[in-house]
Amino acid sequence: MTLRPGTMRLACMFSSILLFGAAGLLLFISLQDPTELAPQQVPGIKFNIRPQQPHNAHPPGSSRDGDLKTSTEKVIRDLSSRTPRDLNVRVPDQPQPHPKMGARLRLPQRRRRLLIKKMPAAVAIPANSSSETFIRLGTQALDSHWVGLHRSQQERKRVMQEACAKYRASSSRRAVTPRHVSRIFVEDRHRVLYCEVPKAGCSNWKRVLMVLAGLASSTADIQHNTVHYGSALKRLDTFDRQGILHRLSTYTKMLFVREPFERLVSAFRDKFEHPNSYYHPVFGKAILARYRANASREALRTGSGVRFPEFVQYLLDVHRPVGMDIHWDHVSRLCSPCLIDYDFVGKFESMEDDANFFLSLIHAPRNLTFPRFKDRHSQEARTTARITHQYFAQLSALQRQRTYDFYYMDYLMFNYSKPFADLY
C-alpha cells in the first residue's frame, strides 16, 4: 500500500514538531537551577519528603514538636511584654501560616535564595527554662546587660531558697501573720509590695512608691519627714487577712538588701555620730550606762558620744539593756524571706541597675528613675567597704567573729562573702 503525497507531508511535519519539542525540553532542563526542582522549605510549609529520623527521635508533628513551638511562642511573647525601657531587643516576627497550606509558594529564584540566607537560626531554649526563659535568636542576641540582670535575679532567688530550705525549713509551713508583713509597703496602682530594709535605700524607695501612687510628681519634691513620718503609704498589716493574702499572691514583691557589716556601720554613723532626739536618749543612755566604765554625768544625761565598740557590745549582748531596732535588725527578721516568696531581690551595691530594671519590669513611667541623692547628711561620704573596715578595725578578732555570726543568715541568704579573711 503506497502513501499519498499529502499524507507523507503531514507525517513529516508532525515528526519535526516532536523533535523540536524534545530538543527544547532538554535545553530548558539543562539551564534550570537544580534548587528549583527540589521542594523548598518555607515558613508554614513542611517538606513533602522527610529526612530519616534517628530511632529514638520524635517525628515531626509529634507532641514534642508541638510543645517546642508553643514554648517558643510563649517565650517571645513574654520577652516582648517584659522588655525594659530604652533597651533595643530585637525579636523576629513569628512566621504566619500560608493561606493555602497545600499550594506551593511561587517566588522568584533570586528572592528565594535571599530568604534562605536571611532566615534566622533556630531558637535555643535552655533545658532548665522556667517562667522566666531566655532565648538566643542566632546572631541577634538579646541585650547582654538585660540578660545579665535576669540571670542575677534567678541566682539570688536560688541562693535564698536553698538557704531557707537548709536552715529555715519550718518557716515555709507557718501561717503569715500581720507581724510578718509589718515592714511591707503597698502601692496598689502598679501592684507592688516593698519590704523596707533600713540603710539599704529605703528612703528613696518610698519616694519612688509615692510617685508611682500619684502622691507626688517627682522624688526630689518629697522631704525626709514626709517619707518617714507621713501616712501617705499604706503598710500591708493595715489590711484585713483577706486583703493581705490577696496582695501577697497577686502583687510583685520585692526587697533590697545590703552587705550586713556595711549596713551596720551606716546605721551607727547615722544614729550616733549626729544629733538625734530619739536614738541618743533611748539607746545612747542605756549603752553608756551599761558598757562605759566611769561615764561622765553629761554623757549619761544626753546619751551622746557612743563609740562603735560600745555599740557592738550592746548588739551582741543577749541581755541588752534596750531592745533591737529595725536599722540593725536582721533582714531575715524584717522581711521573712523564708515565709514570703519575693519576686525580686535587689542589692544596694548594684542599686542603680537593679532599681531601674525593676521599674522597667513593672512598667513604671519612663521618666521615673531611682534617685541618686543622699537623704541625710548629704555632705558626708557614704559608708563604703573601706570605711566599714576602719570601724571594724576597732574591734577584737573575737568581736568581729561574733558580729559575723550574728548576721550569718543574712550573709548566707543573700550570698555576701566574708568581709575579713580571719572569719570562719
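**Entry 1. Starting from one cysteine**

I began with Cys 164, which counts as buried because its relative accessibility is 9%. I take buried to mean under 20% relative accessible area, exposed over 50%, and partly exposed in between (1.4 Å probe, protein chains only). I note that this is a predicted model, in which local features need pLDDT of at least 70, side-chain atom pairs count only at pLDDT 80 or more, and totals for chains, interfaces and linings use all residues. Residues are numbered from 1 along each chain as its sequence is written, and side-chain values use heavy atoms, with hydrogens and water left out.

**Entry 2. The disulfides**

I recalled that a disulfide is a covalent bond between the sulfur atoms of two cysteines. In the search, a disulfide is a pair of cysteine sulfur atoms within 2.5 Å. How many disulfides does the structure hold? I found two disulfides.

I looked up the partner of Cys 164 and found that a disulfide joins Cys 164 to Cys 338, with S to S at 2.0 Å. This pair links distant parts of the chain, 174 residues apart: Cys 164 is in helix H5 (residues 144-167), and Cys 338 is in the loop between helix H13 (331-335) and strand E7 (344-347). I use helices (H or I, at least four residues) and strands (E, at least two) as DSSP runs, numbered from the N terminus. The torsion about the S-S bond of Cys 164 and Cys 338 is about -85°, so I recorded this disulfide as left-handed. Cys 338 is buried, with a relative accessible area of 14%.

I then turned to Cys 195, which a disulfide joins to Cys 335 (S to S 1.9 Å). Cys 195 lies in strand E4 (residues 192-195) and Cys 335 in helix H13, so the pair ties together parts that are 140 residues apart in sequence. With a torsion of about -95° about the S-S bond of Cys 195 and Cys 335, this disulfide is left-handed. Cys 195 is buried at a relative accessible area of 0%, and Cys 335 is buried with a value of 0%.

I counted the bonded cysteines along the chain and noted the pattern 1-4, 2-3. I also looked up Cys 202, which counts as buried at 7% relative accessibility.

**Entry 3. Helix H5 against helix H14**

I recalled that two packed helices are described by the angle between their axes and the distance between the axes. I looked up H5 and helix H14 (residues 351-361), whose axes come within 11 Å and cross at roughly 95°. That makes H5 roughly perpendicular to H14. The axes are lines fitted to C-alpha atoms, for helices over the stretch in contact, with angles from 0 to 180 degrees between N-to-C directions. Angles under 35 degrees count as roughly parallel, over 145 as roughly antiparallel, 65 to 115 as roughly perpendicular and the rest as oblique.

Which residues of H5 meet H14? I listed His 145, Trp 146, Leu 149, His 150 and Arg 156 in H5, which meet Asp 353, Asp 354, Phe 357 and Leu 361 in H14. Contact here means heavy atoms within 4.5 Å.

I followed Leu 361 of helix H14 further and found this residue buried, with a relative accessible area of 18%. The C-alpha atoms of Leu 361 and Thr 252 are separated by 9.8 Å, while the two residues are 109 residues apart along the chain.

**Entry 4. Positive phi**

I recalled that most residues other than glycine have a negative phi. I noted Arg 191, a residue other than glycine, with a positive phi near 55°. Arg 191 sits in the loop between strand E3 (184-187) and E4. Is Arg 191 buried or partly exposed? I recorded Arg 191 as partly exposed, with a relative accessible area of 38%.

Asn 415 also has a positive phi, near 60°. I placed Asn 415 in the segment after helix H17 (408-413), and this residue counts as partly exposed at 48% relative accessibility.

**Entry 5. Aromatic pairs**

I searched the whole structure and found 32 aromatic pairs. Rings of Phe, Tyr and Trp (its six-membered ring) pair if their centres lie within 6.5 Å; planes under 30 degrees apart count as stacked, over 60 as edge-to-face and the rest as tilted.

I looked up Tyr 194 and Trp 205, whose ring centres are 5.9 Å apart with planes at 35°, so the pair is tilted. Tyr 194 is in strand E4 and Trp 205 in helix H6 (residues 202-212), 11 residues apart. Both Tyr 194 and Trp 205 are buried.
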